[in-house]
Amino acid sequence: MCVAVRDSCAPVLLCRGLSWPDSLDCDRFPADEDMCLASLSKEYKHIHKELPKPICQTCPAVEEFFTQKRVLDVFCANNFAMASGTALIYDDEMTSYKLLWDNPECDIEVPERLLSSYEQLKHYHLVERCVHVPVREGTEEEIMLVHSSEYLEVVKSTQTMNEEELRRVSENYDAVYFHPNTYRCAKLAVGATLQLVDSVMSGKVRNGMALVRPPGHHSQRNAANGFCVFNNVAIAAQYAKRRYGLQRILIVDWDVHHGQGIQYVFEEDPSVLYYSWHRYEHQQFWPLLRESDYDAVGQGKGKGFNLNVPWNKVGMGNSEYLAAFFHVLLPVAFEFVPELILVSSGYDSGIGDPEGQMNATPECFAHLTHFLMQLANGRLCAVLEGGYHLKSLSESVCMTVKTLLRDPLPQISGEMAPCLSAVESIQNVRAAHKPYWKCLMYEEATPLHDLSTKSQQMMEAELIQTSTHPTAEQAAGTTSSEEAIKTDRFLESHMKKILCPVPPVKTAAAIVSKAYAHLLPISVQVEMEMNAQELKTLVSGFDAELVKEEKALLSLQNVVAVLDKILKKKVCNGIAESSVASVSTTFALKHCFDFGLQRVLCIVVGDMDLELNLDDGKILLMNICQKQQTEKTNSKYHISLNWKEDSERNNFFCAVLGFILPVAYSYQPDLMIIVIGPNSSLGVNGISLLTCLLQGLATSGILVVIQDTEIKLVQSVAKALSGVSTPDFGAYAPASQENVLEIKRLRDQLQQEWKMLRCSVRDWISGS
Ligand code: Q6P
Ligand code: ZN
């Protein structure tokens, strides 16, 4: 098969001006091997997640050259012709309906939500960087993938109603208003969402966002609910299953309300994994449902495929949202292996929102988006749901789109320490889902019934019912419009602080064997020799002895050339090959501090001794190695993680998500250096995973130093850094008990210092 594929694909590639990458050569199967992907054994089944419509599909050469088009599709998407680009779908016709009467429950859902988001996208010049995709109406058949025909008729009938009649229909539902244009806009919202799905699934773009009104996640088979008329995202998931034969779709609902409508549609469906976090407050918050709690895990065959993270307090923010991603959503999602991600992208979970009362700042959504982009081969469709503070909403929309376009992420602000109530919720979801997911298999914690927020919550609820208890904002002496203005002002200066210029080049590479240069992604800038005198001057300040050694000097040259470009923001990140990685790394670190950096995260994979001063916290050194060290010397800034790799699959997910990322986010480095030394305990898959997931930090500033040239590794790291395609992380493997125990041990030792590690109340209490 391999040879057949090459023979068929190479001409197609050639007609696109690309040569067949030698790295893909493999002669395990001769040309006449009659084997198709459908018959592959289970461990190769993950390849099926890549069922794309690559660009080469539109190439006329395909039909002539090729019989196994399906195989070509898979190879194209995985290896060389990955879709690029970001779709943006918006039409101002969706601003053509509004609330016509007085109703304080609904008056926050205004047309300006779309207008101001789109204006802000224009302001940041993001609109012109996206692929514009037109909207269309969803058809009745499409709407009926989720809704009943009776309900469809009701909505249709509102087109010709007068205000009095509209009011009356609206009253049949909870928190809903109709306008004569509602039906038309609701059909456009469905159609816009499906246009986005088609653009992504056909390979026209890699990802995208649809700005729509009305939103969808509360609406149900027979009912409008919470400003929602048709369930855009649920319809999109059903549509993608039918039209593209998808078997696993992940829906991430980061709106602050529970999308109970989506939960109901997929409750018994194991092919759609629904994740929602929401303001819950022990069922005191709208929509006031028992089934929004963490123990609603799905039903029948769908058990384990519904993940609810209920927030029992307001004020959750960046660190709580990240903790929920690290300890709940991401481990499960990587195990699930989705083929497509739909985001119910509500921004009422952001700072300043009058409904949510949460604290997440706009860049938090960049980080959430970035993590999701590492799944499903990057196929992500974000669809607007809620968001009622116009400035917070529009800045957050912009951060999402900017991240989809693969700009470097701003550093995330705030202290990285999830609050007790959030950790309780996280512990509870993990415990509830332990039976269904291997990644939670060794979880010891059980659900907590005595939650820290409960008694206080109940008292408050009683007070509100029985008296004229002042609301929080009245008590604080501010009105909601004053609050909103405060957030406006905060965001005005906050965005100026966090937005940084984008370097003109994403990735630089300095490699020993220049012959390999053509095997790297085209966009990677290959560094040639640095001026010898310049280099000598740089190096002599470090160690005069070194300058005399030709080999060391050459090796340093690669590292310095790339590092210097990163520090001067000429490139985001880079790779350097170095035959003396430990000397180079020590030198690189010194160069960083001379340059004025405060914190450098240095991850050493393999055996390597670095002589560093680790007392002042300017370096956090993490060593991932195979050898069992007899005496462990873990301290805040010097951590060693013993890791045994699974020989065939990738078992590193749990270490990256459960340990490395939480520590790295707690530390908040200005730069990261990943050193791949001898006896690397990780294979290409593990290293790619690490490189991809860490890119949210240090505004993507990563230097990867590789000691032993292995072209596959260099290529894979180059892919990961440049983002030209999502590297394959290999098939998911759960970590062994031994590995899990290692992580537990480290977590116990370090969660006092690195608070993002906390995922159970026992951690929280022992660490506080
Ligand atoms: C919130 C209704 C009722 C209480 C008002 C994407 C949008 C949404 C809708 C929230 C409806 N509030 N004091 O749907 O989830 O944001
Ligand atoms: Zn909402």
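**Exercise 1.** How far is an oxygen atom of ligand 1 from an N or O atom in the side chain of His-257?

*Solution.* Before you start, note that this is a predicted model, where local features need pLDDT of at least 70, side-chain atom pairs count only at pLDDT 80 or more, and totals for chains, interfaces and linings use all residues. Residues are numbered from 1 along each chain as its sequence is written, ligands are numbered from 1 in the order in which they are written, and side-chain values use heavy atoms, with hydrogens and water left out.
- Step 1: go to the side chain of His-257, where an N or O atom sits 3.1 Å from an oxygen atom of ligand 1.
- Step 2: check the cut-off; a polar contact is a pair of N or O atoms within 3.5 Å.
- Step 3: For His-218 the distance to a ligand 1 oxygen is 2.6 Å, and for Asp-348 it's 2.8 Å.
- Step 4: look around ligand 1. It has 16 residues surrounding it, and the closest include Tyr-388 and His-217 (near means a heavy atom within 4 Å).

**Exercise 2.** Work out how α18 and α20 are arranged.

*Solution.* 
- Step 1: find helix α18 at residues 532-540 and helix α20 at residues 550-567 (helices are DSSP runs of H or I, at least four residues, and strands are runs of E, at least two, numbered from the N terminus).
- Step 2: take the angle, about 95 degrees, and the axis separation, 11 Å. Axes are lines fitted to C-alpha atoms over the stretch in contact, and angles run from 0 to 180 degrees between N-to-C directions.
- Step 3: α18 and α20 are therefore roughly perpendicular (65 to 115 degrees; under 35 counts as roughly parallel).
- Step 4: list the contacts, meaning heavy atoms within 4.5 Å. Leu-535, Lys-536, Leu-538 and Val-539 of α18 touch Leu-553, Leu-556, Gln-557 and Val-560 of α20.

Definitions and conventions:
Angles under 35 degrees count as roughly parallel, over 145 as roughly antiparallel, 65 to 115 as roughly perpendicular and the rest as oblique. A polar contact is a pair of N or O atoms within 3.5 Å; within protein, one must be able to donate a hydrogen and the other to accept it, and residues adjacent in sequence count only if both atoms are side-chain atoms.
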